[in-house]
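Here is a short report on one protein chain.

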Amino acid sequence: MELPKRWGEVTIEKYLKARPVMDSTIITDPIDRGMRLISMLSGATLKEVEALKVNEILDLMKKLDFLKELPSEKILRIVL
């Protein structure tokens, strides 16, 4: 399962889909939140992620630790 390794590999589209899960107060279980983020950012279905072993899910969640901090670089805006 291919996951982004840094913010520069996350598209705006994927970020906009993942942000509500990252900020959710409804999804309190960290494993559930992690599985949903893995699904959104890898393109795998939630069923595919749920079929993984717990240690595989935990390893994939560690790869997404960079999401806990917003990038320090500013995005350059192009004015037309």
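Helices here are DSSP runs of H or I with at least four residues, and strands are runs of E with at least two; both are numbered from the N terminus. On that basis the elements run α-α-α-α from the N terminus on. The count is 4 helices and 0 strands. The model is a predicted one.

**Overall picture**

The C-alpha trace spans about 45 × 25 × 20 Å along its principal axes. Of the 80 residues in the protein, 31% are buried. The accessible surface comes to about 6,300 Å². Carbon and sulfur atoms account for 58% of that surface. Take the contacts between residues at least 6 apart in sequence: 53% of them join residues at least 24 apart. On charge, there are 14 positive and 13 negative side chains. The centres of these two sets lie 3 Å apart.

**A look at S42**

S42 sits in helix α2, which covers residues 30-42. Is S42 buried or exposed? S42 counts as buried, because its relative accessibility is 19% and the cut-off for buried is under 20%.

The side chain of S42 makes polar contacts with backbone atoms, listed here.

| Side chain | Backbone partner | Distance |

Which residues does S42 contact, leaving aside its neighbours within four places in sequence? They are M1, E2 and L3.

Definitions and conventions. Residues numbered from 1 in each chain as written. Predicted model: local features only at pLDDT ≥ 70, side-chain atom pairs only at ≥ 80, totals over all residues. Heavy atoms only, no water. Buried < 20%, exposed > 50% of the residue type's maximum accessible area, 1.4 Å probe, protein only. Polar contact = N/O pair within 3.5 Å; in protein donor to acceptor, adjacent residues only side chain to side chain. Contact = heavy atoms within 4.5 Å. Areas by Shrake-Rupley, 256 points an atom, 1.4 Å probe, with all protein chains shown as cover. Lys, Arg positive; Asp, Glu negative; His and termini not counted. Charge placed at Lys NZ, Arg CZ, Asp CG, Glu CD.
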